[in-house]
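Here is a colleague's note to be read beside the coordinates. The points can be taken in any order.

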Amino acid sequence: MPIYKSICPYDCPTTCGLLVESDGTRITKVKGDPDDPICGGLICRKMQRYEKSIHSPDRILTPLKRTGQKGEGRFEPISWDEAVETITGKWKQSLDEYGPDSILPFYYSGVMSLIQRNCGDALFNKMGACQLIKTLCCSAKGVGYQAVMGNTGGLDPRELADSDMYIVWGSNMKATRLQSMPDLVKGRKQGKHVVLIESFAGEMAQYADQVVLVKPGTDGALALGMMHVLVKESLDDADFLQNESVGYAEFKNTLDEYTPQWAESVCGVPAQVIVELAREYAAASAPAIILGSGNSRYGNGGMTVRLITIFSAFTGAWKQPGGGLCGCNPGMREYIDASRITRPDLRSREGRKVNINQLAMALKGEEGQTPIRCLHIYGSNPVGSVSNQLGIEQGLADPDLFTVVHERFMTDTARYADIILPATFSVEQSDCYSAYGYCSFGAAYKIIPAAGESKSNWDIFCLLAKGMGYTDSHFQRSEDDLLAELLDNPMAGLQDITPKQREVLKTGGMISLHFADHTSWQTPSGKIEIINSTLKDQVPHYQECHGGPYPLHLIAVPSSETLNSIFLERDELVQSRGSMFLEIHPDDAADRSITDGDSIVAYNDLGEVAFTARVTPLVAKGAVAAAGIFMRRQSGNGNLVNTLHHERLSDIGEATTLNDNTVEVRI
């Protein structure tokens with residue numbers, strides 16, 4: 001049976017190459033591509049049976065129109081003509097009555113390819129609709145890193161083989177960086193020390209030599225405490241920092257107050273552990289910090305990442321192969337001209353800006369603002385994945401709101417739609433992919449016909465553009481035409497690839513691109529910017545997170561069995577993950593007379609969520625952890641963990657602060 005090359009489309013740093021077996025109409029088998037320069041054939045359990053999702057009997061295969069109450073999930077099939085006429089009719093009415101600020105497109109990481117993820121922007125730019133600020137995941141991490149390193153590339157994970165010590169800081173690599181796990185396991189067997197710094201050690205504890213549990217939102221205090229030790233014991237690389245950074249002397253003088261004893265009082269890590277960890281980091285020649293995103297999802301998230309990034313350079317580790325920071329963009333060079341997809345030139349007005357983390361607030365409306373009357377959702381399930389679930393549901397239930405959802409399955413968000421449009425899987429469309437965790441790029445082409453009446457995002461938006469009467473040539477071509485244009489007009493990151501690599505992109509597959517020079521500081525000053533004069537807080541310092549009045553700090557962590565709210569259609573993965581557990585420390589459980597397996601309720605001012613208690617010493621005392629995203633039907637009271645998440649934003653980057661909420665727990 002023929003085998004085709006494809007690429008995993010989901011929200012993961014790796015963007016794995018796939019080998020897909022097909023009879024021309026169905027996918028019969030999926031495995032990792034051993035020739036892929038990133039995964040080398042190693043793919044996660046979720047994608048090993050990708051065909052079960054593609055050919056699921058629960059898949060939506062025709063446009064649907066709501067017949068019941070919003071949220072009830074009752075629909076009837078309609079034709080594409082009726083769907084397009086209904087949607088564009090509502091849009092035209094809303095434009096006439098309320099103006100373009102009444103129309104909000106909403107999408108995120110349901111698909112991470114470049115065309116299908118971003119192609120709706122062109123239509124909504126043409127319309128002059130609201131602009132979505134897409135900072136749901138880790139923008140505070142990116143902005144915090146760039147505040148210090150600018151566009152300097154971090155470590156590509158393939159460089160971790162050269163590291164001689166690993167600090168896994170706030171990263172469940174088993175769930176989010178599976179392809180780097182072999183380096184970690186092999187390095188540990190070779191005697192390289194692996195330290196895990198986490199608020200919930202969970203799946204990663206077994207892979208570490210040392211687990212350091214830190215109170216949520218206080219990672220910056222730990223970094224400051226260790227830098228205090230480095231300076232006090234002359235373990236910092238003073239010559240490197242004086243020559244290669246801006247603000248070292250001034251920042252160094254602020255470290256006196258951040259003693260290990262002070263850090264212990266803030267983050268809960270014993271002072272002696274802080275001292276020993278700082279010494280061990282300094283003794284390593286090429287230590288690597290593998291930085292996750294969880295510790296940036298706080299009100300102090302940007303500052304926290306600034307401090308960890310500065311710490312990563314404090315011993316001169318960046319000078320050595322394998323030394324420095326892994327977890328931020330390793331390339332920092334553009335591969336394709338995204339404006340050819342999003343077409344900002346079609347926009348004639350700026351439009352209202354809506355932060356993706358504040359959907360409930362936008363739908364509720366504020367005095368003086370144009371009300372949102374049309375919401376168009378694709379590549380996203382905000383009821384399950386965006387802060388303030390109950391507020392979002394209240395907004396979606398508004399009879400004056402017209403909601404369209406592109407979907408493959410009946411998600412909790414789709415149940416509120418007025419119209420559902422059946423969406424394709426990656427093997428049913430063509431696209432290109434840029435791995436955000438590696439220096440790699442790839443293209444994948446349609447392998448099988450779209451199931452039923454499903455259509456790609458590109459084809460849907462072209463149909464809707466036609467229904468709106470837009471005659472721009474951009475909307476009158478195929479996704480393959482657009483992909484060819486992108487590859488024929490490469491940006492700097494692809495301009496020096498070999499003819500063989502260019503052929504790979506023309507036929508399908510991933511290519512490896514050059515790693516960054518980690519000592520070529522791509523900052524305005526040409527140096528590491530410990531002090532950044534462009535920021536309100538120019539000198540890095542300890543900054544508290546939002547917190548709250550309740551005694552337990554709630555964090556949301558990833559799960560290996562699912563990815564965001566994707567793969568919930570797969571019974572074997574759902575059953576393997578089990579119930580909605582809330583991890584709680586034994587001392588906190590004892591204080592509340594909670595035992596392992598109890599039915600419990602976590603609550604705050606936003607609402608209540610039912611969980612099953614899992615008592616474990618792998619979560620920091622004073623913290624509780626909820627792993628993964630579920631569906632409402634899997635919850636004891638219909639509420640999901642994001643019920644308990646406020647819509648507050650981070651200090652810089654306007655990012656989610658989903659880990660920055662407090663709760664109480666009762667039986």
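**Notes on the predicted model**

1. Ser234 is exposed, because its relative accessible area is 59% and the threshold for that class is over 50%. This residue is found in the loop between H9 and helix H10 (238-244), and its phi is positive, near 55°, in a residue other than glycine.

2. Although not a glycine, Ser593 has a positive phi of about 60°, and its place is in the loop between helix H23 (586-591) and S24. With a relative accessibility of 56%, Ser593 counts as exposed.

3. Helix H6 (residues 139-149) has eight of its 11 residues buried, so it is largely enclosed by the rest of the structure. The buried positions are Ser139, Ala140, Lys141, Gly144, Tyr145, Ala147, Val148 and Met149, and they pack against strand S12 (287-291), helix H14 (301-313), strand S13 (324-326) and strand S21 (528-529). H6 is followed by Gly150, whose phi is positive, near 60°.

4. Cys326 lies in strand S13, which is one of the elements that the buried residues of H6 pack against. At 1% relative accessibility, Cys326 counts as buried. Leaving aside its neighbours within four places in sequence, Cys326 is in contact with Leu155, Pro157 and Leu160, as well as with Ile289, Ile290 and Leu291. The C-alpha atoms of Cys326 and His55, 271 residues apart along the chain, are separated by 37 Å.

5. In helix H20 (residues 479-488), the buried residues are Glu479, Leu482, Leu483, Glu485, Leu486 and Leu487.

6. How do H12 and H13 pack, in angle and in distance between their axes? Helix H12 (residues 260-267) and helix H13 (residues 271-283) pack at an angle of about 115°, with their axes 8 Å apart, and their crossing is right-handed. Pro260, Gln261, Ala263 and Glu264 in H12 meet Ala271, Ile274 and Val275 in H13. By class, this contact has five nonpolar, one polar and one charged residues.

7. Asn125 deserves a separate point. Its place is in helix H5 (residues 120-127), and at 10% relative accessibility Asn125 counts as buried, because buried means under 20%. The side chain of Asn125 reaches the backbone oxygen of Thr342 at 2.9 Å. Apart from its neighbours within four places in sequence, Asn125 is in contact with Thr342, Arg343, Pro344, Leu346, Arg347 and Ser348.

8. Ser426 is found in the loop between strand S17 (419-422) and S18, yet at 4% relative accessibility this residue counts as buried. What does the side chain of Ser426 make a polar contact with? The partner is the side chain of Tyr50, at 2.8 Å. Leaving aside its neighbours within four places in sequence, Ser426 is in contact with Ile7, Pro9, Tyr50 and Tyr433.

9. Ile600 lies in strand S24 (residues 599-604) and, at 1% relative accessibility, counts as buried. The C-alpha atoms of Ile600 and Thr612 are separated by 5.9 Å, these residues being 12 apart along the chain. Beyond its neighbours within four places in sequence, Ile600 is in contact with residues including Leu582, Ile594, Phe611, Thr612, Val665 and Ile667.

Methods. Residues numbered from 1 in each chain as written. Predicted model: local features only at pLDDT ≥ 70, side-chain atom pairs only at ≥ 80, totals over all residues. Heavy atoms only, no water. Helix = DSSP H or I, 4+ residues; strand = E, 2+ residues; numbered from the N terminus. Buried < 20%, exposed > 50% of the residue type's maximum accessible area, 1.4 Å probe, protein only. Polar contact = N/O pair within 3.5 Å; in protein donor to acceptor, adjacent residues only side chain to side chain. Contact = heavy atoms within 4.5 Å. Axes fitted to C-alpha atoms, helices over the stretch in contact; angles between N-to-C directions. Left-handed = near helix turned anticlockwise from the far one by under 90°. Nonpolar A, V, L, I, M, F, W, Y, C, P; charged D, E, K, R; others polar.
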